[in-house]
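Look over the model before reading on.

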Amino acid sequence: MTQMHEIPANAESRIKAIHVIVVTLSLCLTLFAWQFSRQQIETRVSLRFEAARDRALALIVDRMEKYEDALWAGVAAIESHGGDISYEDWHAFAQTLDIHEKYPGINGIGVIHFQTAQTLDAYLAEQRGSRPEFRIFPEHEQSFYMPITYIEPESSNAAAIGLDVAHETNRRTAALASRDTGTSQITGPITLVQDESSTPGFLFYAPFENNGVPAGAVYAPFVVHKLMQGLLATELRNVRFSIHDDGSLIYDEHAAIDELHDADPMHSDLVAINLYGRTWTVDIRSNLAFRGQNTYSQSTYILIAGLVIEALIIALLFLMARANKRAISYADEVTVSLKAKTARLNTMNKELSVKNEALEEFAYIASHDLKTPIRGINGLTEMIEEDLEEYFASADANPEVRQNLHLIQSRVVRMNQLTQGIMEYAKVDVHAGETGHLDLKGALVDLILDLGLREDQLVLNGDVEAVDIDTVNLRRVLENLIGNAVKYYDGTDPLQIVVSAKLEGDRCCFSVSDNGPGIDPKFHDRIFKVFQTLRLAHMPESTGIGLAIVKKAVERHGGKITVQSELGSGATFHFDWPCTLSQSTSLLSQRAA
């Protein structure tokens with residue numbers, strides 16, 4: 001009699017449970033690969049949008065700075081003529097400035113004279129001596145007058161000659177602010193009298209004095225859409241933007257008639273730009289060209305391929321249930337597939353790491369290679385200045401030539417500082433794994449000498465005087481924080497900087513405090529970003545890289561940096577760093593105990 005062997009009742013259920021586990025794990029891995037790929041693509045697309053956004057914003061700011069330079073050139077021309085300028089001399093100056101070629105988008109450049117009721121008759125008599133038809137308009141109730149005396153080119157701006165900017169709030173407010181602060185100012189939205197299309201515009205003022213007394217302003221009128229047309233052709237951009245000033249729309253590219261208009265943009269951002277007394281809110285959105293260049297098809301393909309693989313695995317598992325031998329074979333195939341996916345993920349991670357290292361190396365090499373042409377530009381500028389010494393000494397020398405040479409040299413210094421900052425930022429990881437002995441007191445003494453401080457202006461507190469640590473990067477962090485305290489010291493109180501250090505476990509907790517002007521809390525996050533600076537017009541120029549280097553170095557060592565500050569009450573930076581007390585310091589502590 002043949003004996004029958006029964007399969008245990010739970011054997012089939014165990015097989016099914018294993019099948020479910022394998023399918024679930026494989027599906028999770030597929031979803032993870034899809035999600036990871038999508039996140040990488042989203043990050044890349046977001047960075048591309050941010051780059052396009054920052055480029056558009058930089059173009060607006062740079063263009064306004066260029067126009068400001070033109071206004072200050074006009075102020076310099078007036079001051080070189082003794083604090084006032086004649087109609088003929090202003091015409092000659094405007095001809096040399098060549099605004100339509102060098103300053104596209106500008107309507108003209110003119111002069112406004114500030115007058116009171118006592119000086120108005122003499123002013124009118126003087127102007128009508130050469131221009132009998134000159135008049136001031138319109139009438140208003142103000143006790144002072146701010147008529148436009150000259151503007152070039154006169155033919156296209158004739159309607160503005162004699163216009164009293166004191167008659168209207170936006171024109172008057174900006175003019176008074178420019179006079180009272182001695183800085184460049186722009187008006188709120190206005191309609192230019194010479195603009196027949198009545199589109200939004202504004203005026204740009206730069207004040208001048210006569211014998212130390214505010215006497216008027218050099219100004220330029222702008223039609224906003226003409227200004228923006230000169231920035232960058234829309235067909236060369238994959239973002240569009242609109243601009244609001246105090247809620248008023250002054251420029252708009254989001255029109256549905258644009259063939260590249262995207263009704264549901266992939267990315268958008270609202271950015272506030274503080275420009276010469278006004279805040280422009282820029283609404284930047286990606287267009288259809290941006291969408292076409294940045295798709296998520298790759299992650300979709302990964303998901304589809306993964307789901308197809310899952311379907312195949314399920315089919316194989318059903319076949320495996322019919323025969324144990326075939327089930328083992330199919331299980332091997334699934335295992336190989338899982339290993340291949342894991343290997344691909346590991347390869348992707350390694351490639352990302354290599355690309356990050358390559359980017360840092362590129363930043364370092366590019367910054368280093370830029371130093372040679374920068375030095376060349378500086379050398380050529382000095383040679384030109386030496387060659388023109390006789391010209392500068394002559395009576396008919398144009399002072400703008402020397403000013404422009406000095407401007408080039410200041411820009412060379414600025415570029416050199418930026419490249420040096422980028423190199424320092426890229427070099428943070430170079431020394432990150434190195435450990436050496438650091439005498440904190442000695443390091444602060446070196447900084448006292450380097451920064452020209454007195455010994456009582458920079459002191460060390462705490463129970464740590466010497467440590468074994470990454471000396472290169474910690475010195476870099478301390479130099480940036482202490483250097484910033486010195487750079488932005490406003491002279492209100494005697495400068496006092498205190499560095500504190502104490503050991504907590506295997507980390508040192510540092511703080512750097514100063515009694516400077518302080519930092520508004522709303523900017524505490526912004527100051528640690530690359531190329532971000534809160535510098536005002538009267539403050540020293542900054543690259544905006546120093547605190548980014550500090551943050552990168554601290555976080556590279558597993559630490560965190562924070563700032564405590566209020567306006568007018570100084571600032572304190574806290575950060576922690578992996579370290580151990582040096583042997584000499586430990587022995588001193590034991591003897592003291």
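The largest nonpolar core holds 51 residues. Such a core is a set of buried Ala, Val, Leu, Ile, Met, Phe, Trp, Tyr and Cys residues joined through side-chain atoms within 4.5 Å. Buried means under 20% relative accessible area with a 1.4 Å probe, protein chains only. Helix α1 (residues 11-80) gives the largest share of this core, 15 residues. A second, separate core has 39 residues, including L438, L478, L547 and I561.

| Core | Residues | Among its members |
|---|---|---|
| Largest | 51 residues | M64, W90, I109, M228, F241, I243, W280 |

The model is predicted: local features need pLDDT of at least 70, side-chain atom pairs pLDDT 80 or more, while totals for chains, interfaces and linings use all residues. Residues are numbered from 1 along each chain as its sequence is written, and side-chain values use heavy atoms, without hydrogens and water.

W90 is among the core residues with the most contacts inside it. Its contacts (heavy atoms within 4.5 Å) include G74, I78, Y150, E152 and V218.

Helix α5 covers residues 169-181. Helices are DSSP runs of H or I, at least four residues. At 1.5 Å times one less than its number of residues, α5 should span 18 Å, and its end C-alpha atoms are 18 Å apart, which agrees. R171, R172, A174, A175, L176 and S178 are buried in α5. Their cover includes β3 (144-145) and β7 (200-210). Just after α5, G182 takes a positive phi of about 70°.

Technical notes
Helices (H or I, at least four residues) and strands (E, at least two) are DSSP runs, numbered from the N terminus. Buried means under 20% relative accessible area, exposed over 50%, partly exposed in between (1.4 Å probe, protein chains only). Lists of a residue's contacts leave out its neighbours within four places in sequence.
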